[in-house]
Amino acid sequence: MRPSTIGSVVAAILLCSLATSVHAQQGPRRPWVDRWFITSDSVRLHYLSGGRGSGPAIVFVPGWTMPADIWEPQLRYFARSSRDGNYTDRRAQDIHELIAQIKAPRVVVVGWSMGVPEALQLVEQYGTTDIAGLVLVDNFVQVPQTSQLAAFMDTLLFHLLRDRPVFTTMFVHGMYRTPQDSAYLARIVRTSLSTPTTTAYTLLASTFATGRRDWRAALDRVDRPLLFVGSALMRETADTIRAHVRDAQIEIFENAGHALFVDEPDHFNQVLADFLRRLR
């Protein structure tokens, strides 16, 4: 069985997903259904599934402590013509097992924020046999140990422990450049806070601080089409990806925040749709 910290992550994911399901019953009908599967270590995990068509399945991986339906603009758009899976983050092995679970012949993995290193860990651990393409959304692939970015990550960890509610509210509000409904922001904050603080800290620290900080070796193993979509702050990361992945496609959203697929959903959906068409 998994360590207790990992079990806590699963519990938080299940709570977030159940809360999302209740919310869905009160709003417009959503074109997806809740599904579950049992992992190889006997953990019951949740994902959202919908859509139809013969194109590749799209596995959307949300970021740190974020709910699955933060990808709602993409789920609504791509469910019209694709089979989509939205999976809350259970690291590379669980993404790998989800791909096996949905039994799609071709899969594109879309990882946002913490989903970027998780998608790269997937490639490093399992190769690219099961994926048709990879989409990395707005995160770094290298955090040098003595850099300003590493110091910034340490500062985030300090504030996370000092006052989790205040930190989370600032973090969520800071993800967007376009105005968002207050009820929507409150729901994202509430869902993020449902992850226990010890687990949230462990996830963030193990990815950007005390754990591995450099995924360039994983980039070297990517032999499938790759799309990197980033905000204006990600130009250096875009250059790194170009240097490691031949013919990588880069799209920079000049006026969007970290959650750029929410800030500019039509733009993001079109970029992703164009990428998917080139895979056929």
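**Stop one: a buried pair**

Select Asp-69 and Arg-187: their side chains meet in a salt bridge, 3.2 Å from N to O. (A salt bridge here is a side-chain nitrogen of Lys or Arg within 4 Å of a carboxyl oxygen of Asp or Glu.) The two come from distant parts of the chain, 118 residues apart: Asp-69 sits in the loop between strand E3 (57-61) and helix H2 (72-78), while Arg-187 belongs to helix H7 (residues 182-193). Helices (H or I, at least four residues) and strands (E, at least two) are DSSP runs, numbered from the N terminus.

Now try a surface view. Asp-69 is buried, at 1% relative accessible area, and Arg-187 counts as buried too, at 9%. The cut-offs are under 20% for buried, over 50% for exposed and partly exposed in between (1.4 Å probe, protein chains only).

Before moving on, a word on what you're looking at. This is a predicted model, where local features need pLDDT of at least 70 and side-chain atom pairs count only at pLDDT 80 or more, while totals for chains, interfaces and linings use all residues. Residues are numbered from 1 along each chain as its sequence is written, and side-chain values use heavy atoms, with hydrogens and water left out.

How many salt bridges does a search of the whole structure find? Eight. Pick Arg-216 and Asp-214 for one of them, with the closest N and O atoms 2.6 Å apart. Arg-216 is partly exposed at 29%, and Asp-214 is partly exposed at 26%.

Next, jump to helix H12 (residues 265-279), where Arg-277 and Asp-274 are three residues apart, about one helical turn. Their side chains form a salt bridge at 2.2 Å, N to O. Arg-277 is partly exposed at 47%, as is Asp-274 at 28%.

**Stop three: Thr-168**

Select Thr-168 in helix H6 (residues 164-173). At 1% relative accessibility, Thr-168 is buried. Leaving out residues up to four places away in sequence, Thr-168 touches Val-189, Ser-192 and Leu-193, where contact means heavy atoms within 4.5 Å.

**Last stop: helix H4**

Colour residues 115-126. That's H4, twelve residues reaching 16 Å from first C-alpha to last, close to the 16 Å expected at 1.5 Å a residue (1.5 Å times one less than the number of residues). Nine of the twelve are buried, so H4 is largely enclosed by the rest of the structure; among them are Pro-117, Leu-120 and Val-123. Step just past H4 and you'll find Gly-127, with a positive phi of about 75°.
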